[in-house]
Amino acid sequence: MEQELAQLVERVTALEGGAGWAGTVNSEIFYWWCTALMITIHAGFLAYEMGASRVKNVLASGIKNILAFAFMVPTFYFFGWYIYLAFYNGFIPAADGAAGLPWDLSMGPNLADNATGIFWAAFTLFAATTASIFSGAVIERIQTAGFLILAILLGSVVWILGGAWGWHPTGWLTVKWGYHDVGAAGVVHMVAGFFALGVLINLGPRVGKFNADGSANVIKAHNIPFTITGLMLIIVGFFGFLGGCIIYIPGEQWQNIYGQPTTLSAFAFNTLMGMAGGIIGAWMKTRDPFWMMSGALIGIFAAASGLDVYYPPVAFLLGTFGGFVVPMVAVRLEKMGIDDAVGAFPVHGIGGLIGVVACGIFAAGYPNVGEGYPPVTLIGQIVGAVTMALLGFIPGYVASLILKMFGLLRVPDHIQEIGLDVVKVPVEAYPEGYIPGPVTTIDPGAAPAE
Amino acid sequence: MNTSPITSWDGAEAIFTWADSPTMMAIALIGALAVTVGAIVYAASHDKHAYASYKPK
């Protein structure tokens, strides 16, 4: 009997050990595939930027986007991850952030640490997303070095500082204001959109975009179907992005980034409902397939902050509102003389703003988990939104102004007229000739054609 | 050259190249930083040269 009991104890111990390892490895696997899916965001941005460019600039736009991805990885390793772990109190680094320094023993293959590498990878892909958002706005007239410096500043410094403040279990925005932004409407999309706006003011429009009297010309994308397909790829990637926003704790319920319990089901309901609303809202406003797919993104961002708690019809209505309103912001921006080639500021900056503020209305009162932390409030969300807008805009404006002073920002106008591909790319996009189809006679209408 | 920080897998934790040698880690890290910064400088130089040397065919 005693021998049987001892064998039983031994078996239970072995089973418990195996289950523990299964949970740890499953957690790694989950974030591994979230990261892989997020690469389709970058593939989507690549297609969408190249499609939105004219034939003479297609490959230069592609090179710029690919380089943004490449530079994001090492720079996020050098200092991005450290910023997230260390700066949750503001601008003074906390001592426990040292685990993110590139010489810490957790920042490389380590058999005692199954978490750091996979979380670093997921956050690096979030960083690449911010750089891609910015990349589209500045196509066809930004210099490579200036672009890379700005992309690194945004992706490996600015957004992740916002992440430390408002997308961290002990970030000061959450601790002091109850800021709630589970799907990163503020910390990713607002920061990237407002950063792009700051840069666009100094970069100026593409040659030929505006006339002497201030009226705007439509600069047509060379391949709208490619652009639309790219946007659909971004939607696919967002399922990895949003999966990466949730914490997998083996043996326990899922948690959001703030430690509050949630489910993947919650995210599934509201992501799809927001997306659908965004498409419908943008279609009703523009009837333009580019804006319909941009509307899908806007719809997700408009619901993103409260994906964990919204009643799905609320997410749908927020998406519809965002999809309808944001194209009007794009028109307004153009009337102000700002050439945002892919609508990055309206889609991400304003779409994210709607998401953050809406959470203060439609998720007000949801409790926080930390001792003494305030619940979700409209005031807390507005504080968060203003913080994210300034955090994006000021570095974007100041850094691009400095680059402009050093002649590293804008491609000379005569080179823009020739086209960037023929000047600096050793291969041709369409070597057998590009044959345009019949020209549409329909006025592009309210929204700027992509 | 022995780059392994371990002599056995039993109880091993940090197993990456030169994990037991801060000097070598620093050299590799500085090298990676230098390539990253150098590539940006190269980008500026390449753009400047391309704009100045372009001649229509």
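What is the mean pLDDT of chain B, and what share of its residues reach 70 or more? The mean is 94, and 98% of the residues of chain B reach 70 or more; pLDDT is the predictor's confidence in each residue, from 0 to 100. The complex gets an ipTM of 0.95 and a pTM of 0.93 from the predictor.

This is a predicted model, in which local features need pLDDT of at least 70, side-chain atom pairs count only at pLDDT 80 or more, and totals for chains, interfaces and linings use all residues. Residues are numbered from 1 along each chain as its sequence is written, and chains are lettered from A and ligands numbered from 1 in the order in which they are written.

**Stop 1: the interface.** Select both chains. Here 19 residues of chain B are in contact with 23 residues of chain A (contact: C-beta atoms, placed from the backbone, within 7 Å). The chain B side divides into 15 nonpolar, 2 polar and 2 charged residues (nonpolar: Ala, Val, Leu, Ile, Met, Phe, Trp, Tyr, Cys and Pro; charged: Asp, Glu, Lys and Arg; polar: the others, Gly among them).

**Stop 2: A:Leu233.** Find it in helix H7, residues 224–243 of chain A (helices are DSSP runs of H or I, at least four residues, numbered from the N terminus). A:Leu233 counts as buried because it has 20 C-beta neighbours inside 10 Å (buried: 20 or more other C-beta atoms within 10 Å of its own). Leaving aside neighbours within four places in sequence, A:Leu233 contacts A:Thr40, A:Ala43, A:Gly44 and A:Ala47.

**Stop 3: helix H8.** Select residues 264–286 of chain A. These 23 residues reach 33 Å from first C-alpha to last, close to the 33 Å expected (1.5 Å times one less than the number of residues). Next comes A:Arg287, with a positive phi near 60°.

Notes: Two residues are in contact if their C-beta atoms, placed from the backbone, lie within 7 Å. Helices (H or I, at least four residues) and strands (E, at least two) are DSSP runs, numbered from the N terminus. A residue is buried if 20 or more other C-beta atoms lie within 10 Å of its own, exposed if 12 or fewer, and partly exposed in between; C-beta atoms are placed from the backbone.
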